[in-house]
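Open the model in your viewer and keep the selection panel at hand. The stops below each give something to select and say what is there.

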Amino acid sequence: MGSYRIKTKGIALSFVIFRGLKSPNLTYFNPNFALEMKTILLKIICLSLLMGCTKEQETAPPPINDSPPILIQLAENYEQLPEKEIAKNLNYNTYAQYAMPTEEYGHGVLGDKIEAKQLVVVVDSVFYEYTLPNDYVFEDIRPRLYDVDGDSKLEFITIRTNVFQGGGIAIYKIVAGQLIEYAYVPEIGTPNRWLNIVTIADLDNDGILELVWIETPHIGGIVKVAKINSGALEVLTEKAQYSNHAIGERNLCLSVLTEQLNTKPFYVPNQSRDKIIGFTFSDNELFTFEEIPQTVDFSKTLASQYNFSNLIEEVDNCIIVN
Ligand SMILES: [Ca+2]
Ligand SMILES: [Ca+2]
């Protein structure tokens, strides 16, 4: 508004003076003077217009936020994995991705032999980084976001491998402004052995979340369950001959969680891929809830291959890259 007023006043003032000089008396009295005054007035008009434009530029409102969006910063300021996957919560205030690609581990079960050395997390626009020590890689595609300790803040669940000990699981948490390790599943104990997470949920309604995974899903896969607390997680029960991954696939989404009859059955394919098995967990044991005879395509999500009852959506636990 300020710039508009100045520009208008400048034009109006010039117009009044110009009209005065056009009067017959002044022109008759001294033509040269009138000509000079015209030139001066033209300069005044131009100057007035220029002042108006300049003032308009000066008063333009500053940009609300001059930082690039978080997703662009994560992509441009870090070297990502080939999949370029970024986890984000529904409120768009928490993000996580893997960075620092490395080829120091030649296992190659996730479509290439490129794994990650670094976990990058953003919470409320603050960036946190956790770089693994020697001999460790994230053998994973995208971190999972979950509030595992009930403090209303998300933790970051990763598949972390030791190049001599094989796959394990590590959960990271922000404590006192630092991204630190909160809990872990010890590595399998043999190199080139991997595991894939099945679900994270309070399966037995005791108020503590369970973590379920399948160890060595390519060779005799063992479903294992642990309650999530800080430190090393203790396996409570296990059952063999199931699978939720095929070698070379970037589809980690071969399990579903449902809610039925006050329980939370989860489903995974069997090792021979011709059945889908539903399990419940109670009294620290796994029970077969349902057997569905169906051939499973390991390149597609399990949820897309069967009409499960009361499926619980778990976007962050369902990782597939085509
Ligand atoms: Ca939490
Ligand atoms: Ca529980």
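Select Ile-276 and Ile-292: Ile-276 stands opposite Ile-292, which belongs to strand 18. Strands here are DSSP runs of E with at least two residues, helices are runs of H or I with at least four, and both are numbered from the N terminus. This is a predicted model, in which local features need pLDDT of at least 70 and side-chain atom pairs count only at pLDDT 80 or more, while totals for chains, interfaces and linings use all residues. Residues are numbered from 1 along each chain as its sequence is written, and chains are lettered from A and ligands numbered from 1 in the order in which they are written.

Stay with this pair of strands. Strand 17 and strand 18 run antiparallel and are joined by 8 bridges; two strands count as paired if DSSP finds at least two bridges between them. They form a hairpin with 2 residues between them, and Asp-283 in the turn has a positive phi of about 50°.

Next, select residues 266-269, which are strand 16, together with residues 275-282, which are strand 17. This pairing is antiparallel, over 4 bridges. Two positions can be picked out across it: Phe-266 stands opposite Phe-279, and Tyr-267 stands opposite Gly-278. Strand 16 and strand 17 also form a hairpin, with 5 residues between them. Arg-273, in that turn, has a positive phi of about 60°.

What is the order of its 5 strands? The order is 18-17-16-15-19, in an open sheet with antiparallel pairing. Strand 18 (285-293) and strand 19 (311-312) are at the edges and have a single partner strand each, so one side of each lacks a neighbour in the sheet.

Move to Tyr-95, in strand 2 (residues 94-102). Is Tyr-95 buried or exposed? Tyr-95 counts as buried because it has 21 C-beta neighbours inside 10 Å. The cut-offs are 20 or more other C-beta atoms within 10 Å of a residue's own for buried, 12 or fewer for exposed, and partly exposed in between, with C-beta atoms placed from the backbone. Setting aside residues up to four places away in sequence, Tyr-95 touches Ile-70, Leu-74, Ile-86, Ala-87, Lys-88, Val-121 and Val-122. A contact requires C-beta atoms, placed from the backbone, to lie within 7 Å. Draw a C-alpha to C-alpha distance from Tyr-95 to Asp-124: the two are 29 residues apart in sequence and 9.1 Å apart in space.

Leu-81 comes next, in the loop between helix 4 (70-77) and strand 1 (87-88). Leu-81 has 22 C-beta neighbours inside 10 Å and therefore counts as buried. Beyond four places in sequence, its contacts are Tyr-98, Pro-101, Ile-114, Ala-116 and Ile-141. Leu-81 and Tyr-98 are separated by 17 residues in sequence and by 6.6 Å from C-alpha to C-alpha.

Then pick two loop residues by backbone angle. Ala-176, between strand 8 (166-175) and strand 9 (178-185), has a positive phi near 50°; with 5 C-beta neighbours inside 10 Å, it counts as exposed. Gln-241, between strand 14 (235-240) and strand 15 (256-258), has a positive phi near 80°; with 12 C-beta neighbours inside 10 Å, Gln-241 counts as exposed.

Finally, colour by pLDDT, the predictor's confidence in each residue from 0 to 100. The mean for the protein is 85, and 78% of its residues reach 70 or more. Over residues 1-31 pLDDT stays under 50, and the model has 28 contacts beyond four places in sequence for them. Residues 44-58 also stay under 50, with 17 such contacts.

Notes: Two residues are in contact if their C-beta atoms, placed from the backbone, lie within 7 Å.
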